[in-house]
Amino acid sequence: MLAKDIEKILITREDIQKRCVELGAQLTTDYADNNPLVVGILKGAVPFMADIVREIDAHLELDFMDVSSYGNQTVSSGEVKIIKDLDTNVEGRDLLIVEDIIDSGRTLGYLVDLFKYRKAKSVKIVTLLDKPEGRVVDIHADYVGFDVPNEFVVGYGLDYAEAYRNLPYVGVLKPEIYQSN
Ligand code: PRP
Ligand code: MN
Ligand code: MG
């Protein structure tokens, strides 16, 4: 089972649902007339994306992009590779990027630059979690669900070795789980 690998729950499903309602109300106001393109970053953003878009009472479109950062494990190269690109032309569009977490900021730093280069009209970010202590690239989300401490968090889209994405809460993984691998 999954839950036995979790040391403590940081953010419950109910906390997330309440926060999605609040963020959704704000986004409904901010995007009332823009028909934004809401861009989910695979795979971590999927559960939060599904929740947040259902709280936005405005016309919008969905698209998805899959990127991976790679390089040396201790010193990331900061290079980001596109695994799956958008299907949509973003020129002149208002973009709302949806993420599960901002850690170093490398993923979003790359994407914001890319979408500006592609002549998006505006690029904003909504993230379920923000880990400010992890930041290497100067990236700020426009809408943040929760700040998290510098711990190994999983669940609600966030994985460890592709597992735990389906936990309905955000929790801290027991150290023995990642130390044993
Ligand atoms: C994770 C997470 C963010 C990114 C944040 O994705 O979902 O997209 O890392 O880290 P950063 O701010 O340091 O760039 P990952 O690349 O692990 O892919 P995944 O979403 O498929 O798990
Ligand atoms: Mn991701
Ligand atoms: Mg991951």
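An oxygen atom of ligand 1 lies 2.6 Å from an N or O atom in the side chain of Thr 107. This is a polar contact, defined as a pair of N or O atoms within 3.5 Å. The model is predicted: local features need pLDDT of at least 70, side-chain atom pairs count only at pLDDT 80 or more, and totals for chains, interfaces and linings use all residues. Residues are numbered from 1 along each chain as its sequence is written, chains are lettered from A and ligands numbered from 1 in the order in which they are written, and side-chain values use heavy atoms, with hydrogens and water left out.

| Residue | Protein atom | Distance to an oxygen atom of ligand 1 |
|---|---|---|
| Glu 99 | polar side-chain atom | 2.5 Å |
| Asp 103 | polar backbone atom | 2.9 Å |
| Thr 107 | side-chain N or O atom | 2.6 Å |

Taken alone, ligand 1 exposes 490 Å², of which the protein buries 78%; these areas come from the Shrake-Rupley method with a 1.4 Å probe. Strand 5 (94-102) and helix 3 (106-117) are the elements that give two or more residues to the shell around ligand 1. Helices (H or I, at least four residues) and strands (E, at least two) are DSSP runs, numbered from the N terminus. Strand 5 gives the most, with four residues.

In total, 14 residues surround ligand 1, each with a heavy atom within 4 Å of the ligand. The closest are Glu 99, Asp 100, Ser 104, Gly 105 and Thr 107. The shell divides into three nonpolar, four polar and seven charged residues; Asp, Glu, Lys and Arg count as charged, Ala, Val, Leu, Ile, Met, Phe, Trp, Tyr, Cys and Pro as nonpolar, and the others, Gly among them, as polar.

Notes. A polar contact is a pair of N or O atoms within 3.5 Å; within protein, one must be able to donate a hydrogen and the other to accept it, and residues adjacent in sequence count only if both atoms are side-chain atoms.
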